[in-house]
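Please look through the sequence and the model shown below before reading on.

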Amino acid sequence: MYTRLIFLSCLIVFQGFAAGPFGFEYGMTKEQVIAAVGQNAVKKIQSDVLTLTTAPKPHPAFETYQVMISPKLGLVKILAIGNTIGTNRYGNEIQTAFIETQEALVNNYGTPGVSYDFLRSGSIWAEHEDWMMGLAKGERVLATFWTPTNSPNHITSIELEANALSMEKGYLDLGYEFEGFPEYAQSKKTDAGKVF
């Protein structure tokens with residue numbers, strides 16, 4: 001019980017509005033992000049995406065952070081990838097971590113706009129002990145979405161999602177999109193389409 005309280009307290013702290021999620025700020029440049037985390041934290045640079053081993057304000061439940069940097073707008077998206085969580089076939093530990101993280105996000109961003117917790121029609125993984133297999137096969141969905149209004153950090157969309165690595169291992173990912181991300185994503189698709 002004590003461990004759960006510490007986990008929830010940490011989750012609430014990492015979402016502080018003043019500095020933005022995990023200490024990242026909307027509009028940061030690549031250089032500003034690298035300066036904030038240190039060069040040694042940069043795991044990979046691929047075009048406009050930096051993969052980092054830490055954040056300006058890291059959270060112990062997440063091991064990797066990907067930030068997308070628009071050449072014109074700066075930082076427009078964050079994806080925090082959680083630590084691997086050992087679980088059973090029923091997915092109890094994954095579901096518990098999801099609920100605790102969701103509760104912490106509700107404290108900062110209010111009630112989610114949409115939540116999904118379902119098994120796709122026709123899936124054969126319908127038994128309780130098949131919960132993780134359904135998730136691993138992409139036939140089960142556990143995700144929650146927020147669309148904050150008037151966010152001081154320019155956040156337009158938040159997504160929390162459960163993922164499976166196997167029947168006994170999974171992780172959460174938590175994504176934030178900022179103002180200008182849809183236009184940036186569309187411009188990337190347009191540029192990619194020009195190669196045909």
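The lining of the second largest pocket comprises three nonpolar, two polar and five charged residues. In this classification Ala, Val, Leu, Ile, Met, Phe, Trp, Tyr, Cys and Pro are nonpolar, Asp, Glu, Lys and Arg are charged, and the others, Gly among them, are polar. The model is a predicted one, in which local features need pLDDT of at least 70 and side-chain atom pairs count only at pLDDT 80 or more, while totals for chains, interfaces and linings use all residues. Residues are numbered from 1 along each chain as its sequence is written, and side-chain values use heavy atoms, with hydrogens and water left out.

A pocket is an open set of points on a 1 Å grid over the protein atoms alone, where a 1.4 Å probe fits and protein lies on both sides within 12 Å along at least five of seven lines; lining residues have an atom within 4 Å of a point. Among the residues that line the second largest pocket are Asp-48, Lys-188 and Asp-191. Helix H5 (residues 181–193) gives the most to this lining, with five residues; helices are DSSP runs of H or I with at least four residues, strands are runs of E with at least two, and both are numbered from the N terminus.

Which residue forms a salt bridge with Lys-188? The partner is Asp-48, at 3.3 Å from N to O. Lys-188 lies in helix H5 and Asp-48 in the loop between strand E1 (42–46) and strand E2 (49–52), so the pair ties together parts that are 140 residues apart in sequence. A salt bridge here is a side-chain nitrogen of Lys or Arg within 4 Å of a carboxyl oxygen of Asp or Glu, and by this rule there are three. Asp-48 is buried, at 11% relative accessible area, whereas Lys-188 is partly exposed at 34%; buried means under 20%, exposed over 50%, and partly exposed in between (1.4 Å probe, protein chains only).

Asp-191 also forms a salt bridge, with Lys-194, at 3.7 Å between the closest N and O atoms. Asp-191 is partly exposed at 43%, and Lys-194 is exposed at 60%.

Finally, consider the backbone. Most residues other than glycine have a negative phi. Phe-22, however, has a positive phi near 60 degrees; this residue lies in the loop between helix H1 (2–14) and helix H2 (30–37) and is buried, with a relative accessible area of 0%. His-154 has a positive phi near 65 degrees and is partly exposed at 31%.
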